[in-house]
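Please open the structure in a viewer and keep the residue selection tool at hand.

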Amino acid sequence: MIFQLAVCFTVGLVIYWIIRRNPKLLRRMFKPGSPLFALGYQLYSKTSVGHHLHQKDLRKARQQYPDGHSVVEVTELNGIRIRPIPFLQDNYAYLVIDTPTNTAVVIDPGDPEVVQYWVEEEGVSLTAIFTTHKHWDHSGGNKALRKLYKKIAVYGSSTDSIPGLTHHVVDGDSIEIGGLRFTTLFTPGHTVGHTAFLLHSPGGDIPDSVFTGDLLFLGGCGRMFEGPASTMLESLDKICGLSESTIIWPGHEYAKDNLEYGSFLEPENPDVLTKYDWVKERRKERLITSPSSVSEERSYNPFLRTSSPSLLQALGIEDMSDANVAANRAKILSELRARKDKYFYKL
Ligand SMILES: [Zn+2]
């Protein structure tokens, strides 16, 4: 028995040693779509392993970036103040303040410490948490903030196992916090209950804002962990259907990689090249690249351009008749995602 245990331990140690010394091998073993990738996702999203790893990641990132991974700018919109809060390696939470009443909502507070810091710094009364989806980097601060700010409401979809959820929302719900008025947009695909939050502008003379979590990023979209490409496409179409001036606030700082891929796909598209150059300059100084707008994203984000002739040409799709494109947009979306993995993971 002792001999068998010793053999198992030694074999395990050797495998661990080989993997640790071969980042390429590790990347191939856990490549998107592989059984190990799927197992890792289940462990992360459905067990306490994910929470433990999240706490570890928070401690590491707070040491690495004591002032956050990016330098942010605060946006003032007619009595609404939006403060992006950087945390972990590339996440953004958002503190949305109704300045006349000093009440505030926080969106996706994955790090409760940094959110508490900004609530105190801004001197506002935090009354609600909006959670786009269950992943720990978006929901990991919910319970700690509920302990700190008693009776705070937590909004999100109950289909998504969100920690501390108090208010289940469905598509098209209206939420009013102080003078802030939101509409919920059910946008599954990344997770089964992913929800975006649309903030209406007071008076209507300035654009609305939409907080897109891991559905839509500057130049990219989230992984389709819990739904087919057709579901993700419907969710992306919902954002595309908003007014062109709508301001987009994504959950991550992914713009540089996304636009590198976008310019690789469409090297003739001046919109993607111009934005990529701008983003590269911003990131030299670690400056935030958000927000963008619906009209901007439609001009360079490949995942919103599944019916664009120039993108289809770049993908080598021959039959570009309207009927063929409409019938195959989900397949095109899936192909775009797979090619992105190949591009970055060198699969
Ligand atoms: Zn996520």
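What follows is a tour of a predicted model, from its surface and pockets to its salt bridges and backbone.

**Stop 1. A nonpolar patch on the surface**

Begin by selecting Leu36, Leu39, Leu43, Val49 and Leu53, which form a nonpolar patch on the surface. Together these residues have about 380 Å² of accessible area. Next, colour helix H3 (35–46) and helix H4 (48–64), each of which supplies at least two residues of the patch. Which helix gives the most to the nonpolar patch? The answer is H3, with three residues.

**Stop 2. The largest pocket**

Rolling a probe the size of a water molecule over the atoms shows where empty space is left. The largest pocket has a volume of about 1,600 Å³. To find its centre, select Phe37, Arg223, Phe225, Tyr254 and Tyr345, the closest to that point of the 41 residues that line the pocket.

Now display the helices around this pocket. Helix H2 (23–29), H3, H4, helix H9 (255–265) and helix H13 (322–345) each supply at least two residues of the lining. H4 provides the largest share of the lining of the largest pocket, six residues. Colouring by residue class divides the lining of the largest pocket into 16 nonpolar, nine polar and 16 charged residues.

**Stop 3. The second largest pocket**

The second largest pocket holds about 340 Å³ of space. Select Pro66, Asp67, Gly68, Pro86 and Val114, which are the closest to its centre among the 20 residues of the lining. H4, strand E2 (80–87) and helix H5 (112–122) each contribute at least two residues to the lining of the second largest pocket. Which of the elements gives the most to this lining? Strand E2 does, with five residues. By class, the lining of the second largest pocket comprises twelve nonpolar, three polar and five charged residues.

**Stop 4. A network of salt bridges**

Side chains of opposite charge can pair when their charged atoms come close. The structure holds 18 salt bridges. For this stop, select Glu76, Arg81, Arg83 and Glu122, which are linked in a network of salt bridges.

Start with Arg81 and Glu122, whose salt bridge has its closest N and O atoms 3.0 Å apart. This pair links distant parts of the chain, with Arg81 in strand E2 and Glu122 in helix H5, 41 residues apart. Is Glu122 buried or exposed? Its relative accessibility is 17%, so Glu122 counts as buried, the limit for that class being under 20%.

Then turn to Arg83, which also forms a salt bridge with Glu122, the closest N and O atoms being 2.7 Å apart. Because Arg83 lies in strand E2 and Glu122 in helix H5, the pair ties together parts that are 39 residues apart in sequence. Both Arg83 and Glu122 are buried.

**Stop 5**

**Stop 6. Backbone features in the loops**

Select Asp108 in the loop between strand E4 (103–107) and H5. Phi of Asp108 is near 55°, a positive value in a residue other than glycine. With 2% relative accessibility, Asp108 counts as buried.

Proceed to the loop between helix H10 (270–284) and strand E15 (292–293), where Pro291 is found. A cis peptide bond joins Ser290 and Pro291, with omega about 5°. Arg286 is found in the loop between H10 and E15. Although Arg286 is not a glycine, it has a positive phi of about 60°. Arg286 is partly exposed, with a relative accessible area of 36%.

**Stop 7. A buried phenylalanine**

Finally, select Phe303 in the loop between helix H11 (294–300) and helix H12 (309–315). Phe303 has a relative accessible area of 1% and is therefore buried.

Terms used
Residues are numbered from 1 along each chain as its sequence is written. This is a predicted model: local features need pLDDT of at least 70, side-chain atom pairs count only at pLDDT 80 or more; totals for chains, interfaces and linings use all residues. Side-chain values use heavy atoms; hydrogens and water are left out. Patches are made of residues with over 30% relative accessible area and no salt bridge: like charges are joined within 9 Å, nonpolar side chains (Val, Leu, Ile, Met, Phe, Trp, Tyr) within 5 Å. Accessible areas come from the Shrake-Rupley method with a 1.4 Å probe; for residues, only the protein chains shown count as cover. A salt bridge is a side-chain nitrogen of Lys or Arg within 4 Å of a carboxyl oxygen of Asp or Glu. Helices (H or I, at least four residues) and strands (E, at least two) are DSSP runs, numbered from the N terminus. On a 1 Å grid over the protein atoms alone, a cavity is a set of points where a 1.4 Å probe fits but cannot get out, and a pocket is an open set with protein on both sides within 12 Å along at least five of seven lines; lining residues have an atom within 4 Å of a point. Grid points are joined across faces, edges and corners, and a volume is the space filled by probe spheres set on the points. Ala, Val, Leu, Ile, Met, Phe, Trp, Tyr, Cys and Pro count as nonpolar, Asp, Glu, Lys and Arg as charged, and the others, Gly among them, as polar. Buried means under 20% relative accessible area, exposed over 50%, partly exposed in between (1.4 Å probe, protein chains only).
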